[in-house]
Amino acid sequence: MSELVSTRIRNTAGKLGLPHLAETIREYTRRADEGRMGYLDFLDLVLSEAVRDDRRFRQGLRLSKLPHHKTLDEYDFSFQPDLDPRKVKDLATLSFVDGKANAALLGPPGVGKTHIAVALAVAACRAGYSIYFTSLDDMVRNLKAAETAGRLTNKLGTYLRPSVLVVDEVGYQPLERAEANLVFQVISKRYEKGSIILTSNKTFSEWGQVFGDEVLATAILDRLLHHCEVISINGPSYRLKNRLTAIERENDVA
C-alpha cells in the first residue's frame, strides 16, 4: 500500500470518527487477499471490525474514570512556548506504553498537565490498552479504606490490572508514612509490568516532603524513573488566562 493511499485512508478514517481503522487496514487487506474476498465481503469485514473496535474503545473510556476525553489536538501549545510539542507527540506514539515504561508531567497548577495525561490515556485506549484514572488522594483514600476492611489485596487490583494507570495531582497533599507505603506498593507491583502516567506540581527533589519519608520517596522514584519520560511545563496557567479574559470581558461590558 503506497504512502499516498495510506494518507488518504487516514484522512477518511478520521472524518468518519474511526482513526483506529487506518492503523489496521493493512491487516484487513492481508486477510482479504488470503481469503480471496470480493469487494462486498471486504467492505463488510472492514465495517464490522471498525464498529467492534469503536465499541471496545467507548467501553474502555467508560471504565477508565477519565474526567474528560480531551485530545492533544485540543491542547494549545502556543500558550506554552517553552514546551516542545515534539516531546509530547513522541509520547503519543505510545512506545513507552508498549515498553511498560512511565511518563511524568511536572509543573505548576493550571499549565495543562492533566489535559496531556488524559490525551495520552485516550490515545492508549484507542490503541486497545486498558486505562484507569485516579488522583493520588483518591487512590490513597480507597486503599486505606480497603486495608481497614481487610480487602487491600482486592483493591490493589484496581490499580494493578490496567495497562495504563494515570495518577493525577501527586504532591497537592502531603502523605503520612503509612499512606506513602500504600503508594509504594502500587508503584513497586506495577514496575516493568504496566505503565504509569503521573502529573505533579512538585519537583522530584521535593517528593521526600510529599511522602513524609526520604527513604520511601527514593524507593518510589527509583522504580518510577528507571524507565520514564519526563516532561516539565513551566509556563502560565490556562485557568488564570481564562479567568482574566472573562474579567476583561465583564469590564468591557460594564
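**Strands, helices and a cavity**

Reader: In which sense do β3 and β4 pair?

Author: β3 and β4 are paired in the parallel sense, over five bridges. Two strands count as paired if DSSP finds at least two bridges between them. Strands (E, at least two residues) and helices (H or I, at least four) are DSSP runs, numbered from the N terminus.

Reader: What kind of model is this, and how are residues numbered?

Author: The model is predicted, so local features need pLDDT of at least 70 and side-chain atom pairs count only at pLDDT 80 or more, while totals for chains, interfaces and linings use all residues. Residues are numbered from 1 along each chain as its sequence is written, and side-chain values use heavy atoms, with hydrogens and water left out.

Reader: How many helices and strands are there?

Author: The chain has 12 helices and five strands. Of its 254 residues, 42% count as buried. Buried means under 20% relative accessible area, exposed means over 50%, and partly exposed lies in between (1.4 Å probe, protein chains only).

Reader: Back to β3. Which residue of β4 is the bridge partner of V167?

Author: V167 has L198 as its bridge partner in β4. β3 also pairs with strand β2 (residues 131-135), in the parallel sense and over five bridges. There, Y132 stands opposite L165 of β3.

Reader: Why is β3 described as largely enclosed?

Author: Six of the seven residues of β3 are buried, so the rest of the structure largely encloses the strand.

Reader: What do β3, α9 and β4 make together?

Author: They make a right-handed β-α-β unit. Right-handed means that, with the strands pointing away from the viewer, the path from the first strand over the helix to the second runs clockwise.

Reader: And α9, what is its span?

Author: Helix α9 (residues 177-190) has 14 residues, and its end C-alpha atoms are 20 Å apart, which agrees with the 20 Å that should be spanned at 1.5 Å a residue. The expected span is 1.5 Å times one less than the number of residues.

Reader: Which residues of α9 are buried, and against what do they pack?

Author: The buried residues of α9 are E179, A180, L182, V183, F184, V186, I187 and R190. They pack against α7 (136-148), α8 (152-160), β3 (164-170), β4 (195-200) and α11 (214-225).

Reader: Where is L94, and is it buried or exposed?

Author: L94 is in the loop between α4 (85-91) and α5 (95-98). It is buried, at a relative accessible area of 7%, and its phi is positive, near 70 degrees.

Reader: A new topic: how many cavities are there?

Author: There are four cavities of 30 Å³ or more. A cavity is a set of points, on a 1 Å grid over the protein atoms alone, where a 1.4 Å probe fits but cannot get out, and its lining residues have an atom within 4 Å of a point. Points are joined across faces, edges and corners, and the volume is the space filled by probe spheres set on them.

Reader: What lines the largest cavity?

Author: The lining of the largest cavity consists of L136, M139, V167, V170, V183, I187, I196, L198, W207, F211, I220 and L224. The elements giving two or more residues to this lining are α7, β3, α9, β4 and α11. About 80 Å³ of space lies in this cavity.

Reader: Now the loops. Where is P108, and what does it touch?

Author: P108 is in the loop between β1 (102-106) and α6 (113-126). Not counting residues up to four places away in sequence, P108 touches K113, I233, N234 and G235; contact means heavy atoms within 4.5 Å. P108 counts as partly exposed, at 31% relative accessibility.

Reader: Lastly, why is α6 called largely enclosed?

Author: 12 of the 14 residues of α6 are buried, so the rest of the structure largely encloses this helix. After α6 comes G128, with a positive phi near 105 degrees.

Definitions and conventions: 1 Å grid on protein atoms, 1.4 Å probe; cavity = no way out; pocket = protein on both sides within 12 Å on 5 of 7 lines; lining within 4 Å.
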